[in-house]
Amino acid sequence: MYEKDGEKYFVVDAHTHFWDASPDNWVEGQEEYAKGWIECFHAYQGLGPKDTHWPIDRFQKYSEELMMHDLFEVGHVDKAIFQPTNLRQWYKTGFNTTENDGALAEKHPDKFLVNTTFDPREGDAGMKAFEERVKRYHCKGVKLYTAEWRGGSRGWSLKDPAAARYLEKCEELGVTNVHIHKGPTIWPLDKDAFDVSDVDQVATSFQGLNFIVEHVGLPRIEDFCFMATQERNVYAGLAVVVGGLMHARPKFFAKVMGELMFWLGEDKLIFGADYAIWEPKWQVEGFVDWNMPGDDELSDFAPLTVDQKKKILGLNAARLYGIDVPEELRLTDPEKVEPVGVPNS
């Protein structure tokens with residue numbers, strides 16, 4: 001719990017990772033891509049405050065102890081949600097897998113929730129494995145990378161009929177939260193595969209699911225907002241928005257937050273630190289202190305209230321995932337947007 005000026009914030013980091021991109025894990029013949037991927041991630045870390053930058057060797061593979069320290073001892077995080085990214089074409093045991101995340105979560109069950117993933121190109125065998133992971137780790141969500149390479153394929157679309165089978169299975173299993181990476185491109189993946197244009201069709205077709213668009217389609221914020229405002233079950237995942245923009249691009253950050261608040265509102269915004277690209281401590285503290293600048297060009301955006309920040313930093317994600325929030329950290333205002341698939345808490 002974070003406390004500032006007498007206000008207490010229940011913080012859910014809805015976008016965290018426990019990865020291994022060390023050279024020992026690079027697939028032979030794919031070293032260029034494995035190395036390029038993690039170096040691109042590492043470059044993004046440069047958008048945060050200088051005193052939070054890591055050397056590349058620590059960034060490639062960090063310890064359980066460091067993660068627990070950065071999130072829960074000093075990072076103000078009450079609950080964190082793992083979002084896996086397989087990338088088995090480049091990394092021998094995978095980059096950031098459900099299994100590794102799950103092993104850490106089982107050691108700290110009061111701290112983590114585990115999401116899994118699926119790739120519709122894996123067919124029936126992938127479906128069976130998906131079901132097994134959901135049951136094994138009690139997953140309430142998935143993280144999808146539509147630009148991930150598989151053999152000669154350089155991505156897939158949510159509109160693909162094969163994807164519909166998996167989304168139907170999500171509804172059947174109660175995996176109601178579908179997180180999708182849309183926006184920032186990581187080398188060598190393709191920008192077009194990260195476009196938000198395939199989200200609205202599935203959001204309309206699968207209204208038993210919540211679609212959390214991670215990174216809000218950046219930098220194409222208008223494309224995301226004009227799509228998301230028409231879909232009741234589309235949410236904005238703020239990973240990269242806060243970590244990548246609040247410090248390095250404060251004016252653009254203000255514009256992005258203003259657009260998101262105007263078109264979606266505070267009930268649809270979900271905080272995520274995107275660890276280990278950025279540590280949560282400075283993001284939580286900075287967001288609590290931040291407010292809309294008084295510039296004329298931003299004058300049509302309203303300032304954020306304390307209650308709105310509480311929703312964004314944790315209460316919205318808690319609602320989506322059915323996380324029990326201590327009574328003293330709840331809002332007294334009963335008006336809220338109810339996500340599909342989760343009973344009132």
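1. Let me begin with a helix pair. In α8, Ile 221, Glu 222, Phe 224, Cys 225 and Phe 226 meet Lys 255, Val 256, Glu 259, Leu 260 and Trp 263 of α10, contact meaning heavy atoms within 4.5 Å. Helices here are DSSP runs of H or I with at least four residues, strands are runs of E with at least two, and both are numbered from the N terminus.

2. A word on the basis: this is a predicted model, where local features need pLDDT of at least 70, side-chain atom pairs count only at pLDDT 80 or more, and totals for chains, interfaces and linings use all residues. Residues are numbered from 1 along each chain as its sequence is written, and side-chain values use heavy atoms, leaving out hydrogens and water.

3. Back to the helices: α8 (residues 221-228) packs against α10 at an angle of about 10°, and their axes are 9 Å apart. α8 is therefore roughly parallel to α10 (angles under 35 degrees count as such). Axes are lines fitted to C-alpha atoms, for helices over the stretch in contact, with angles from 0 to 180 degrees between N-to-C directions.

4. The largest nonpolar core has 103 residues, and Trp 37 and Phe 224 touch the most other members. Such a core joins buried Ala, Val, Leu, Ile, Met, Phe, Trp, Tyr and Cys residues through side-chain atoms within 4.5 Å; buried means under 20% relative accessible area, exposed over 50%, and partly exposed in between (1.4 Å probe, protein chains only). Helix α10 (residues 250-263) gives this core its largest share, seven residues. Beyond four places in sequence, the contacts of Trp 37 include Trp 90, Tyr 145 and Trp 187.

5. Please also look at the open sheet of three strands, ordered β3-β4-β5 with parallel pairing. Its edge strands are β3 (12-16) and β5 (112-114), each pairing on one side only. The twist from one strand to the next averages 20°. Strand β4 (residues 79-82) pairs with β5 over three bridges, where pairing takes at least two DSSP bridges. Phe 82 stands opposite Val 114 in β5.

6. Leaving aside neighbours within four places in sequence, Thr 185 is in contact with Cys 40, Tyr 44, Asp 190, Lys 191 and Phe 194.

Methods: Angles under 35 degrees count as roughly parallel, over 145 as roughly antiparallel, 65 to 115 as roughly perpendicular and the rest as oblique.
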